[in-house]
Each structure stands twice: as C-alpha cells, then as structure tokens.
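Thanks for making time this morning.

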Amino acid sequence: MSLPQTQQQILLARRPKGVPVAEDFALATGPVPQVESVGPGQVLVRQIYLSLDPAIRGWMNESRSYLPPIALGAPVRSGTLSQVVHSTVPEWQPGDLCQALAAWEEYSLVPAQQLMGKITKVPGIPLSSMLNVLGGNGLTAYFGLYDVGQPKAGETVLVSAAAGGVGSIVGQLAKLRGCRVVGLTGSDDKCEWLCGELGFDAALNYKTANLSQQLKDVCPNGVDVFFDNVGGELLDLVLPRLALRGRVVVCGAISEINRTEPGPGLRNVMQLMAKRARMEGFVTLDYADRYAAARDELAGYVREGALKTRDEIVDGIEHAPAHLLRLFSGDHRGKLMVKVADPS
Ligand SMILES: NC(=O)c1ccc[n+]([C@@H]2O[C@H](COP(=O)([O-])OP(=O)(O)OC[C@H]3O[C@@H](n4cnc5c(N)ncnc54)[C@H](OP(=O)(O)O)[C@@H]3O)[C@@H](O)[C@H]2O)c1
C-alpha cells in the first residue's frame, strides 16, 4: 500500500498560561511513518476522528497527571477513533477500527497496547457516536451516574455543564431512571435546548444573578444527586442545597483546570456532615470490564429514541485547536470532535 510522504500535524508550541489560545498550537508538516518502519509490537494507524476532551488541557501542562505531559514541540494527543493501516501483531489487522490514544496527525505509529479496544460499527448508529454516547462520554455518564450517584426514581438529579458531552447524557439517563432532572449551563439557549429537546425538567443559566435562590426554587426538596462537571464556586453553591443523604458525583472540575492561581476553595464542606451526604470521585477507565454491557444498554436507548446526542464535528485536523477552545468558551452543545479522514 502506498502512503503519502508527508502529513499535517498539530504540535504543542508552548505551554498555555490559563485558558489555552491559538498561539499555544502550531500546524506543521511532518513525515508519514511508512509500512517498512512498523516494528515488533507496533501498529500503524490512520486517524478518523479526534475526541476533544477537557483532559487534553491537563496534558498540556508540564506536570504529570495520570499520563505524562505532552512534550513541547510534539504533536498534541487525545482519544481517537483510528483505523489500522499495517500491523505486526496478530490481534490487529488492516482495516480494523479501534479506539486509541494517539497524536494529532493523520498517521501514527503506536505501540499495540495504546489501542484501547476494537470498534464494531453498530447498525443505525453513526460511527462518530463510538467516541460520544457509545464511547468516553456515554460511559462516563453511565458509570458516574448509575454506580456513583445511584439515583432512585422520584429523586432530584442536578447536573452541571449540562449541555456538554457528558452532562447532556447524564440528564437523559437520570430521566430514564424516573428522576426529576435539573441542568446548570451557561446560556439561556442551552437551557431551552435541555428542556425542549432533551426532556430536562428545568435548567438554570448559572451566569445569571440569584442562582442560589433559583436553585432553591427549582429544587424545593433539595438535590439528591449532584453530578458535578464544573467544580469550584458552582460546587460550593450547590452543597447547601443537598438533600439529606445526598450524593455528589465528582466527575470533573472544568472551572479549575485553567487557573493560574489556586481558587478560593470550598467553604460549604460541612454541609456534607449536616446532610449525611457523600462526595465521591470516579475515573471511567476503572470500569473497563463493564464497557461492553454498558455500551449495549446505551445503544438500546439510542435506537429507541430515548437518548439523544449531538456530535459537533469539524472537518480537517487543522481546525482542531480552535474547536478544542470551544470547550472553555462554552460555545457548543454535546460532543466536540474533529474528522480527519473517512474510514476505508
Ligand atoms: N471522571 C472521568 O473519568 C471523566 C471522563 C471524561 C470527562 N470527565 C469530565 O467531565 C466533564 C465534562 O466533560 P465534557 O468532555 O463533556 O465537556 P463539555 O461539558 O462538553 O464541555 C465543557 C463545558 O463546561 C462548561 N464550562 C467551561 N468552562 C467553565 C467554567 N469556567 N465554569 C463553568 N462551566 C464551564 C461549558 O459549558 P457552559 O455553557 O455550561 O458553561 C463547556 O461547554 C469535564 O469536567 C471532564 O473533565 C471526567
């Protein structure tokens, strides 16, 4: 098979200070790894979709998180949906679709262990959904809400960043369990979308005044499960609204990841004691042995029309940085992705 000699790559040009900006990235032209260069245990993949997630921001810092930082001058990395071009390991054959952790370039040489599972197309569901509702976002919503939040019918579930990739699925899964669902998001339009199209019972724009009073009004019996994607001041504001034996699911803290100085911290932690409440974090990767069953359940909801998702996909790897920045401006609904190529 003949491959092009050169490809586009998106490099980390410098480490962001605060919210990333376009100048933190550089579009470059690099060599395409050729079939002859695929060594033992390696697989040559072609990127089909890039998944744009808040975690990428953490990897752009110098400090190590659960993965090493992206090196300065190296391609940015993210979760991807990729297709095998050539392989030296029997488990992977040319044409296989896989979920991977791979570089922002068109073709990558990756160790086989960096491929995180084969993707089988699900009839009637677009391939891009394998990175959204049947991928990281759906699985995060599923395990965070059902396993950690443990919502019961009739309870009130509140979710922050409710119009985003994870949050929009959390709210609908809570409705499927018979809960009353309230979303917090950053614009009136998004509030309308949540209630009008996704079936949320109420949604509040957290940027408007008197949020605390509004929350009291829409959750008169308190919040039984708070699925928190935002952290910081919004989390602090919700803690006094917890119901007795409430649960706070710590999914993420997007309000904190661009801070250059420590935030003010939580002032209302003692509410956990007063309400006999539980606050628990989770990492979706810990549930890998249950992904297949969860995917089947989520696919069933999508087919029945009980779970609606939105993929905001931009074409062309060169647009990846600008599209990523929309995570922090809030200028999107649902899941952000970049389409790099069509699968063969
Ligand atoms: N625990 C895990 O294993 C795991 C796995 C995947 C993702 N996560 C976490 O899940 C959360 C959601 O991720 P996602 O990929 O679905 O992103 P997303 O919700 O699609 O996008 C982020 C949204 O957060 C809101 N936001 C951004 N900056 C904010 C700020 N300073 N204050 C308040 N809201 C802000 C914006 O919406 P608004 O218009 O509403 O402001 C934005 O659209 C993130 O915290 C992520 O780290 C955790």
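**Ligand and salt bridges**

Let me begin with Cys251, where a backbone N or O atom lies 3.0 Å from a nitrogen atom of the ligand. Before I go on, please keep in mind that this is a predicted model, and that what I describe is computed from it. Taken on its own, the ligand has 920 Å² of accessible area, of which the protein covers 83%.

Which elements give two or more residues to the shell around the ligand? They are helix 2, helix 3, which spans 165-176, and helix 9. In total 26 residues surround the ligand, and the closest are Gly165, Val166, Lys190, Tyr206 and His332. Sorted by class, the shell has 12 nonpolar and 13 polar residues, with 1 charged residue. As for where the ligand sits, domain 1 (6-129 + 310-339) and domain 2 (136-285) both give residues to the shell, so the ligand lies between them.

Now to the charged pairs. Side chains of opposite charge can pair when their charged atoms come close. In this model the count comes to 15 salt bridges, and I will pick out a few.

Glu155 takes part in two that I want to show you. With Lys152 its side chain forms a salt bridge at 3.8 Å, N to O, and with the side chain of Arg247 it forms another at 2.6 Å, N to O. Because Glu155 lies in the loop between helix 2 (136-149) and strand 8 (156-160), while Arg247 lies in strand 12 (residues 242-250), this second pair ties together parts that are 92 residues apart in sequence. Buried or exposed, how does Arg247 count? Arg247 counts as buried, at 8% relative accessibility, and Glu155 is likewise buried, at 12%, whereas Lys152 is partly exposed, with a relative accessible area of 48%.

The last pair is Arg326 and Glu312, whose side chains meet in a salt bridge at 2.8 Å, N to O. Arg326 lies in helix 9 (residues 320-329) and Glu312 in strand 14 (residues 311-315), so this pair ties together parts that are 14 residues apart in sequence. Glu312 counts as buried, at 13% relative accessibility, and both residues belong to a network of salt bridges that links Arg310, Glu312, Arg326 and Asp331.

Definitions and conventions: Residues are numbered from 1 along each chain as its sequence is written. This is a predicted model: local features need pLDDT of at least 70, side-chain atom pairs count only at pLDDT 80 or more; totals for chains, interfaces and linings use all residues. Side-chain values use heavy atoms; hydrogens and water are left out. A salt bridge is a side-chain nitrogen of Lys or Arg within 4 Å of a carboxyl oxygen of Asp or Glu. Buried means under 20% relative accessible area, exposed over 50%, partly exposed in between (1.4 Å probe, protein chains only). Helices (H or I, at least four residues) and strands (E, at least two) are DSSP runs, numbered from the N terminus. A residue is near a molecule or strand if one of its heavy atoms lies within 4 Å of it. A polar contact is a pair of N or O atoms within 3.5 Å; within protein, one must be able to donate a hydrogen and the other to accept it, and residues adjacent in sequence count only if both atoms are side-chain atoms. Accessible areas come from the Shrake-Rupley method with a 1.4 Å probe; for residues, only the protein chains shown count as cover. Ala, Val, Leu, Ile, Met, Phe, Trp, Tyr, Cys and Pro count as nonpolar, Asp, Glu, Lys and Arg as charged, and the others, Gly among them, as polar. Domain bounds come from an automatic or database domain assignment.
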